[in-house]
Structures are given as structure tokens and as C-alpha cells.
Amino acid sequence: LSGLDPAQPYFQGTPPEVRLDKTDAEFVDVIHTDSAPTIPYLGFGMSTAVGHIDFYPNGGKEMPGCGKNPVSQIVDLDGIWEGTRDFVACNHLRSYKYYSDSIIYPDGFLGYSCPSYDAFDTESCFPCPRGGCPNMGHFADKFKGKIKNNFLKLYLNTGEAKDFPLWRYKVTVTLSGNRKVKGHVNIALYGSDGNTRQHQVIEGTLKPVNTYTSFIDAEVNVGTVTKVKFLWNNNQLNPTFPKLGAATITVQSGEN
């Protein structure tokens, strides 16, 4: 039984007989996309974990792509009706869009077990454990029988628009050069199954010999990494033309 952002008003905090609960089926998976408080944020979905596994994409409250201005969202590519509906309840309706995309991408939407969304961006929740990570959506039931905790809360990030799945990588860069500079570093991954766009992994003071770690939520599963493209830019005109390189770059896939 899959709960697509089950309703918060009149249901959150009620007895299990009234609302969706893990006792309703042999396996209950839930996607929370609009779990901000109803007052004052008009969150339509419940925030509490109620299934065997509960997914909180993007933290479960505000979904990427739902912050567009009213005109651009209402005059949507899918038509005025869908655009108006999405503007009124964009976060709430993301749950079924993620679910439909999950049918097309059976290896996508990996959920990482984590105590909170803030902790999700640290190394404590990466990579997937030996038993693997559940897939949010249609293929969540592949994880049936692996649940050991009372509740399993899972976090992941999604794209702003279709196609929604993203694949998580940890990138560790050790810089080389003669002196520190200010700027930012971008990384692009090339692999056996595709290439990513450029993703910013460092911004600020860049010090040679220092090692920096960042996470990339890539728009494609690159498969086996064959090449990493390293680019850096200083944020201001520098007449001394400083040079900066990468001594080493390590890429780790969250899945395996």
C-alpha cells in the first residue's frame, strides 16, 4: 500500500484506525511532499512517519520547482488547468509525479536512512548500507522484509521538473597549486552510461593541498565512472592569472 502524501488536516495525530498506518497492509510505503504545518504554510500532507518506510524527498516540505511565480506556473507546458492546479497544491501533487517517474526509472529515487534532512547532507548518511537503499515509489516493495526498525525515515533529493530522479555521488577533491585563491570549483562526471552537467562542489577560498568533500545529486546514473572534468573559476578579475589544479579526485556512488 503506497501513501502519496497522505492528508494532514483532520488525520495527523489521530488513532491508527482513522488514518493511514503500517497495520493497514503487509507493506506500507509513504511519500511525504507537503508536510509543512497547515497553519501558516498550508501544508496538506502529514509529517509523521506512519508506514514501514517513509520517504521525505527534499526534506518533505518544499519541493524544487514549486517556487515559480504564479504566471509561469499557471501557463504551464501541460496546459492552463494543470498549471493552475499545480500552483495551488504543487508540493502536495509532486508525490504522484515522483511515483509515476519511479516506474520509468527502477534504479532511481534511492532513499538514504537518516535521522533528519539536515544530517542527510553529511557523510553520516552515505553511502547505502550493505543491504542497499529502498527505491521511493513503485519499486519500494523490493525492500519488504528488510525493515528492522520500528519506523524507517528516508531522505533524497529530486529534480525541479520531469524527469525527477537524481543519483547521489560523493566527490572528494584535493587541490594543487602555488597559493590560495578565491573562486569556485565545478565537477562533471563521465561514465559508461552517460555524462552529467557541471556541478559546483567548492566555493570560497581555495587552498592548494587542502581536501574538500561535497555531494552531487546528478541528473543521470553514469554507471562506471571513466572520466572526471575539473573546472575552476575565480569570482573576480585577477591580473596575476593564478593557476589551480586537482591533485586527486575521488568519486563514490551512493548506491554501491
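This is a predicted model: local features need pLDDT of at least 70, side-chain atom pairs count only at pLDDT 80 or more; totals for chains, interfaces and linings use all residues.

Biologist: Let's start with the overall fold: how many helices and how many strands are in the chain?

Modeller: The chain has 256 residues, and 46% of them are buried. Among contacts with a separation of 6 or more, 73% are between residues 24 or more positions apart. As for the elements you asked about, the chain contains four helices and twelve strands.

Biologist: Now to the cysteines: which pattern do the disulfides follow along the chain?

Modeller: A disulfide is a covalent bond between the sulfur atoms of two cysteines. The structure holds three of these links. One joins Cys66 to Cys90, another Cys114 to Cys125, and another Cys128 to Cys133. With bonded cysteines counted along the chain, the pattern is 1-2, 3-4, 5-6.

Biologist: Where in the chain do Cys66 and Cys90 sit, and how many residues apart are they?

Modeller: The S to S distance of this disulfide is 2.0 Å, and its torsion of -75° about the S-S bond makes it left-handed. The link connects distant parts of the chain: Cys66 is in the loop between β3 (53-57) and α2 (70-74), and Cys90 is in helix α3 (residues 80-104), a separation of 24 residues.

Biologist: Is Cys66 buried or exposed?

Modeller: Buried means under 20% relative accessible area. Cys66 has 14% relative accessibility, so Cys66 counts as buried.

Biologist: Is the disulfide of Cys114 and Cys125 left-handed or right-handed?

Modeller: The two sulfur atoms are 1.8 Å apart. Cys114 lies in the loop between β4 (112-113) and α4 (117-120), while Cys125 lies in the loop between α4 and β5 (152-156), eleven residues apart. Cys114 is buried at 6% relative accessible area, and Cys125 is buried at 7%. Because the torsion about the S-S bond is about 85°, this disulfide is right-handed.

Biologist: And what is the handedness of the link of Cys128 and Cys133?

Modeller: Here the S to S distance is 2.1 Å, and both Cys128 and Cys133 are buried. With -115° about the S-S bond, the link is left-handed.

Methods: Residues are numbered from 1 along each chain as its sequence is written. Side-chain values use heavy atoms; hydrogens and water are left out. Helices (H or I, at least four residues) and strands (E, at least two) are DSSP runs, numbered from the N terminus. Buried means under 20% relative accessible area, exposed over 50%, partly exposed in between (1.4 Å probe, protein chains only). Contact means heavy atoms within 4.5 Å. A disulfide is a pair of cysteine sulfur atoms within 2.5 Å.
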